[in-house]
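Subject: Structure handover

Hi,

Here is the structure I promised to pass along. Have a look at it first, and my notes follow below.

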Amino acid sequence: MPPIKTFGERIADALVEDGLMTSQQVAELLELQKKEGTRLLKLILAKSYVNEVDMMVSMGRVLNTPPINLARLSIPSEIFTLVPKEVQITHKVLPVSRVGNRLFLAMADPLNVLALDDIKRITKLETSPLISTEKQILDKISSLDSGKARTMADIIRDAQKKSEAEAEADNLEVSKEAVEEVNLDQLAASTEEAPVIKLANLILVQAIKDGASDVHLEPFEKSVRLRYRIDGALIDMPAPPKNLQIALTSRLKIMSNLDIAERRLPQDGRMRVRVGGKDIDLRVSFLPTVHGEKCVMRVLDKTNLSATVEKLGMDPETLKRFKAAVDAPHGLLLVTGPTGSGKTTTLYSALNELNNPEYNIVTVEDPVEFQIPGINQVPVRKEIGLTFANALRSILRQDPDIVMIGEIRDTETAEIAVEAALTGHQVLSTMHCNDAPGAIARLDDMGIAPFLISSSVIISCAQRLVRRICRMCKDPITYPPKMFADLGINPDLFAGVTLYKGHGCERCKNTGYTGRAAIIEAMTVTDEIRKLIIERSGAMDIGRVAIAQGMKTLRQVALEKAREGLTTLEQVLIVTASH
């Protein structure tokens with residue numbers, strides 16, 4: 001007689017029947033379950049073999065329980081209030097409708113007999129379970145319980161009243177360092193309280209509306225600091241109260257599908273929110289500090305991507321060089337610059353232009369920042385051995401036409417990239433260098449043979465971002481001639497030209513700047529430069545020849561932006577200080 005299968009094994013069999021998993025994957029998870037003692041269903045979700053919705057459908061089929069999509073369901077308040085909120089959150093259950101003496105319940109676990117008994121006792125009604133996901137249930141509870149909309153300041157003010165009432169406790173001195181202990185059940189419940197949910201949502205919505213690229217939530221001994229990075233500069237925002245710190249970070253972890261119980265190790269996750277009718281991805285990072293976990297969220301807005309390279313703001317000559325490299329049938333295209341200089345955005349813009357059914361385009365990134373339909377994107381996962389180099393080897397066996405490498409960091413990746421460019425593939429990648437000629441020297445330092453570099457690289461670009469002057473508070477400004485001389489700028493360059501600066505207004509948050517523009521230095525690898533590469537000439541020698549052949553340096557491009565009234569001289573000098 002065959003052994004009786006557990007509920008988890010029955011669900012796994014259903015997932016195999018539905019073509020969502022393989023028998024080999026189930027066997028591997030069963031072995032892992034024996035070692036770790038973790039529930040099989042939890043392991044399936046943790047490994048991302050299936051998502052919660054697919055799991056829900058298969059589970060409903062096994063249990064003969066109908067699935068329900070709560071996202072589009074309207075639940076009357078008289079039904080929602082039949083079950084206390086605390087019971088709903090504890091048991092992950094939501095009343096959705098009533099027919100006579102029977103109450104229909106959306107449940108994450110329809111086999112939870114204790115939950116059914118509790119609700120039957122509270123409501124004095126018969127119960128019938130429907131199956132839904134835990135996330136859908138908790139999201140629906142929070143949306144139904146949200147009440148009237150309030151500003152971030154209102155929510156912070158209400159929460160601070162509690163802090164003021166506990167001022168005496170704050171003044172209590174302890175002779176030795178205390179170890180913070182938090183009841184996980186209480187913590188999970190606190191993350192579902194209306195003020196915490198509203199505050200987390202408002203922080204995200206405000207960041208997206210303000211055009212922030214990053215959100216910083218930083219804990220200190222008696223306060224929490226909230227800052228947005230807007231146009232490259234960090235700006236202070238109204239601070240959340242200290243007493244909501246743990247609940248707020250836990251709420252952000254839940255939204256990012258991270259473990260709220262783990263507070264001693266760094267965690268990285270991702271979430272997607274919908275604001276103003278568009279989906280926004282956020283890359284989330286938690287870092288343990290002395291006074292709690294610091295959270296930084298990178299806002300990944302697809303609308304910031306240029307549809308074409310023409311919209312990157314290059315001058316005509318640089319644009320001509322860059323387009324020629326993008327349109328080349330094969331070769332290595334490099335974009336260099338520090339972190340946050342827009343390198344990846346530039347490469348995505350090039351991929352957008354190349355993206356059509358004629359080409360097989362594959363990228364390998366750490367992590368995948370923007371998901372683009374029609375392009376196969378592979379995320380690096382070092383913990384399981386999927387490095388840039390390993391991923392590239394597999395990609396080259398996938399018959400690619402165009403390959404984008406998130407970053408060339410090591411010799412192994414550089415060798416494969418150069419080899420791919422020499423064997424008829426178009427390869428786009430980024431590197432960390434100060435200028436365009438520096439990328440050649442960097443490849444040489446990595447041990448790539450000069451004759452391979454000269455044959456594979458078709459263009460090397462360096463990129464920075466300068467802040468744009470706010471158009472609402474833009475005023476003419478006159479600089480003393482001595483300043484041009486001190487800074488090594490030829491004053492004749494600005495003869496008859498009006499320079500501008502923003503004096504600060506409400507629109508630009510009194511910074512004088514709104515938005516940023518790319519400045520790009522593009523060095524085409526010509527025959528003369530190839531000879532210098534083979535001779536192992538220095539970056540300065542290569543740079544001099546490139547300038548003689550018409551390359552505009554970052555400083556020259558930035559000064560042209562100032563001449564056009566797009567940015568200020570201060571920004572030119574800050575961004576191109578080493579050029």
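Cavities first: the count comes to two of 30 Å³ or more. Do keep in mind throughout that this is a predicted model. The largest cavity has a volume of about 40 Å³. Its lining is made up of Leu312, Gly313, Met314, Asp315, Ala518, Ile519, Ile520, Val557 and Lys561. Which elements supply at least two residues each of that lining? Those are strand E18, covering 513-524, and helix H23, covering 554-563. E18 gives the most, with three residues.

E18 also takes us to a sheet. Seven strands make up an open sheet here, in the order E12-E11-E13-E14-E10-E15-E18, and the pairing is mixed. Strand E12 (376-379) and E18 are the edge strands; each has a single partner strand, so one side of each is left without a neighbour in the sheet. On average, neighbouring strands in this sheet are turned by 20 degrees against each other, direction ignored. So the strand that gives the most to the lining of the largest cavity is also an edge strand of this sheet, because it has a single partner strand.

If you want a pair to click on, Ile361 has Ile402 in E13 as its bridge partner.

What does Gln377 touch, leaving aside residues up to four places away in sequence? The contacts are Tyr348, Thr363, Glu365, Val368, Phe370, Gln371 and Ile372. Gln377 and Met404 are 27 residues apart along the chain, and their C-alpha atoms are separated by 9.0 Å.

There is another sheet to look at, an open one of three strands in the order E1-E2-E3, with mixed pairing. Why is one side of E1 and of E3 left without a neighbour in the sheet? Strand E1 (93-99) and strand E3 (126-131) stand at the edges and each has a single partner strand, so there is no neighbour on one side. Neighbouring strands of this sheet are turned by 30 degrees against each other on average, again ignoring direction.

E1 and strand E2 (residues 102-107) run antiparallel, with six bridges joining them. Within that pairing, Arg98 stands opposite Leu103 in E2. Helix H7 (residues 113-123) packs on this sheet and touches E1, E2 and E3, with its direction at about 145 degrees to that of E2. Helix H8 (residues 134-144) packs on the sheet as well, touching E1 and E2, and its direction makes about 75 degrees with that of E1.

Last, the rings. How many aromatic pairs does a search of the whole structure find? The search comes back with zero. Charges over rings do turn up, though: Lys253 lies over the face of Phe286, at 5.5 Å from the ring centre. Lys474 does likewise over the face of Tyr500, at 4.8 Å from the ring centre.

Cheers

Terms used
Residues are numbered from 1 along each chain as its sequence is written. This is a predicted model: local features need pLDDT of at least 70, side-chain atom pairs count only at pLDDT 80 or more; totals for chains, interfaces and linings use all residues. Side-chain values use heavy atoms; hydrogens and water are left out. Two strands pair if DSSP finds at least two bridges between them. Helices (H or I, at least four residues) and strands (E, at least two) are DSSP runs, numbered from the N terminus. Axes are lines fitted to C-alpha atoms, for helices over the stretch in contact, and angles run from 0 to 180 degrees between N-to-C directions. Contact means heavy atoms within 4.5 Å. Rings of Phe, Tyr and Trp (its six-membered ring) pair if their centres lie within 6.5 Å; planes under 30 degrees apart count as stacked, over 60 as edge-to-face and the rest as tilted. A charge sits over a ring if NZ of Lys or CZ of Arg is within 6 Å of the ring centre and within 35 degrees of the ring normal. On a 1 Å grid over the protein atoms alone, a cavity is a set of points where a 1.4 Å probe fits but cannot get out, and a pocket is an open set with protein on both sides within 12 Å along at least five of seven lines; lining residues have an atom within 4 Å of a point. Grid points are joined across faces, edges and corners, and a volume is the space filled by probe spheres set on the points.
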